[in-house]
Structure formats: C-alpha cells, structure tokens
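Please read it alongside the sequence and structure below.

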Amino acid sequence: MIPVNEPLLDGNEKKYLMECIDTGWISSEGPFVKEFEEKFSAKVGRKYGIAVCNGSAALDVAVAALGLKEGDEVIIPTFTIISCANAIIRAGAIPVLIDSDPYTWNMDVNQIESRITPKTRAIMVVHIYGLPVDMDPVMRIAKKYGLKIIEDAAEAHGQTYKRKPCGSFGDISVFSFYPNKHVTTGEGGMVVTDNEELAERCRSLRNLCFQANRRFVHEEMGWNFRMTNLQAAIGLAQLERLDEFVIKKRNMGKYYTQKLKDIESIQLPLEKTSYADNIYWVYGIVLNDQLNFDADKMMKHLAAKNIGTRPFFYPMHEQPVFHKMGLFVNESYPVAEIISRKGFYVPSGLTLTEAQMDEVVKVIKEELN
Ligand SMILES: *Cc1c(COP(=O)(O)O)cnc(C)c1O
C-alpha cells in the first residue's frame, strides 16, 4: 500500500525524546515546550507562541481569547475542516459562510464584503491545501469594517504570502502538528500572536484558567489543552528541517504535475499564483464535470490498486450536525459543492519516493482510460 501520508522522523526526534526520558521531564512543565514555542513562533514571524494539544484546540483557544459573544458573526469558508466552525459555535458566535475560488480552492475573497452585517466581528481565513488565501483584500476589508482576523495556518507551515510567513497575518493565528502537517508532534498545535494580552489569555485558557495567586479559585472556564514535553521534543527536531521539508513537498508537487498535466479530464493544483508558490500540503485532484463519476468511485478504484487517498473537505453548509442545529439550511455554495464531490488527494507525504509517484500516476491514467 502506498500510504496517503507518512511522517519523516529521521532527524533529532529520537535524541530529544531520549532526553525527556533520561531527565524525567515528560509533562508540559518540561523545557522543550518553551523552546518549541519560542523557535516556532519566531520562524513564522510572531512574538508569542502558545503550544496546545492539537490544532482544533488551538482554534478553540484563539476564538475564546478574542472574546466573541453570543450573536457575533464570523466569516469563514464553507470548504474547510469542521474544527473552524466548531470553535465559533462553541463560543456562542455564528459562522457566516463564503464559497471557494474554483482554482485555488481557498475562500473567494471577492464574496466577503457582501456577507458583512452589523454583527460581523471577525474573518477566519483558512489556507487550503498549500496555497495561501489572497490576504491583501482580506486585510483591507478587516481594516475598513474594524474586524479581527483569525488565521488558520494549520496547512501552511513554511508557506508565505508575498514573502511574509503564513501565520503572521491574523490578530491571532493557529497551526496544527498532526502527522500529515509539515511539522508534526504526533498530536499538537500552536496559537501565535504579537499581542501580549491575547497571548496571556491563551496561556490561561489552555491551562484551566488557574490563577497565579489563588490556584484553585477560577474566574473563568478554561481547558486542559497543554502540550507535553515529549510532543515538543519531536516538534523541535521537525522544525529544524522545515525548510528542507518545504522544498521536498514542492518537488513532489511539481513531479506529479509534470506527469499528470496532459490529462484533460482532471484539474490539478495551481503551481503558483501572483502571491505564492504552492507548497502542496496535499496534492489534490478534481475530476472534471464531464466525467460521470465522483471522487468516491475513483478513490475506491485506487484503493483496490493499493493507493491511499482522502476525499476533499465536506462543506460546512452540508454538515448534518449543523442542519440539526438549524444552521445553513437551504444555503448553497456551488463551487464548494462541486470540489467536495469531485475532489480527492493522492499520496503526498514526506517519505514518498519517485517510484511511488510513478505508480500513482500510472494507476490514475489507467483508471481514467
Ligand atoms: C489539520 C487542520 C486543523 C486541525 O488540526 P488537528 O491538529 O487535527 O486538530 C485545523 N484546520 C485545518 C485547516 C487543518 O488542516
């Protein structure tokens, strides 16, 4: 089986992990956590980093730290992971959806302004699959209407927008370190910001809102979302190789594109836009409409030939869980509906070999014929 993703752990991961074992520092109190926070946040151009137990938790903390209230509206892409909408709804706020751009698969920033109401408080941008959201228009709109920006850079470690790191655009930004991300800690995430007060709120929220002077007396509800020293040890070793990993992913993407570009019945990821070169977090393929089958069927065929795939995101406005809550009923976002049914991604991990990519390409070509 060619796995859809496999992490690459052959740097200092083992050495740093052994240090945790040898010193007995395995909890979140261990020294690697701070070091990882400092080095990772510096790498993405931020003053403060708050490590947490996963990327979804990072979104929960980021949204809560902004102090959104009941009835506040937050604009988000419908084509994203459910963690984005969950964080907003759990804070009592309302997600307001935007359709995707058919080529970058990111939120179509031209649609944002039409969705703004007097209740809008924030825009949550999500960089999807390796290309960043077009940030200049987003920043302009946020400034014009006095909105906060929450930036989900969980798929964009090492990516830039006009040479500025992804993760440096939000009032508050988040990363995930799940094993398919460019930097992994097994499970893990981080909130980053330049705002000291927000950083302090995030630290408190991740740690049950314990108070410094009266530890077990709480003024607010938080979570235990702490990252362990073991996770941070792996993260530090991974971070040392981020630049190398990004080059590797770019080469993977270019290789696939070169081999697949002559097939007319499929749409491939853009290699670049005017503001960024793709880092191919995953290598996505969208079947053209004239093909009379969906990604589901294609993925089953590939699985039968031992090739791992994953479907594209399923849009927020079609999620049964949100319909049951009375959200997004009868809303329609046509681009997201098409790409979610026709899109899937092929093996794109850091251990992927050229021979494996050749095999993936060969099988795709056979199936399409
Ligand atoms: C992976 C991911 C997350 C969530 O991260 P977890 O660590 O899996 O909770 C959030 N947003 C996006 C865009 C992601 O790709």
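How far does a polar side-chain atom of Ser56 lie from an oxygen atom of the ligand? In this predicted model, the separation is 2.6 Å.

| Residue | Protein atom | Distance to a ligand oxygen atom |
|---|---|---|
| Ser56 | polar side-chain atom | 2.6 Å |
| Gly55 | backbone N or O atom | 2.7 Å |
| Ser176 | side-chain N or O atom | 2.7 Å |

The protein buries 91% of the 380 Å² that the ligand exposes when taken alone. The largest pocket is the space that the ligand takes.

The residues around the ligand include the three in the table, Gly55, Ser56 and Ser176. Also around the ligand are Asn54, Ile81, Val126, Asp152, Ala154, Glu155, Lys181 and Gly188. By class, this shell holds five polar residues, three nonpolar residues and three charged residues.

A separate point concerns Val4. This residue belongs to the segment before helix H1, which spans 13-23. Is Val4 buried or exposed? Its relative accessible area is 12%, and buried means under 20%, so Val4 is buried. Val4 and Gly67 are 63 residues apart along the chain, and their C-alpha atoms are separated by 38 Å.

Technical notes
Residues are numbered from 1 along each chain as its sequence is written. This is a predicted model: local features need pLDDT of at least 70, side-chain atom pairs count only at pLDDT 80 or more; totals for chains, interfaces and linings use all residues. Side-chain values use heavy atoms; hydrogens and water are left out. A residue is near a molecule or strand if one of its heavy atoms lies within 4 Å of it. A polar contact is a pair of N or O atoms within 3.5 Å; within protein, one must be able to donate a hydrogen and the other to accept it, and residues adjacent in sequence count only if both atoms are side-chain atoms. Accessible areas come from the Shrake-Rupley method with a 1.4 Å probe; for residues, only the protein chains shown count as cover. On a 1 Å grid over the protein atoms alone, a cavity is a set of points where a 1.4 Å probe fits but cannot get out, and a pocket is an open set with protein on both sides within 12 Å along at least five of seven lines; lining residues have an atom within 4 Å of a point. A molecule sits in a cavity or pocket if more than half of its atoms lie within 2 Å of its grid points. Ala, Val, Leu, Ile, Met, Phe, Trp, Tyr, Cys and Pro count as nonpolar, Asp, Glu, Lys and Arg as charged, and the others, Gly among them, as polar. Helices (H or I, at least four residues) and strands (E, at least two) are DSSP runs, numbered from the N terminus. Buried means under 20% relative accessible area, exposed over 50%, partly exposed in between (1.4 Å probe, protein chains only).
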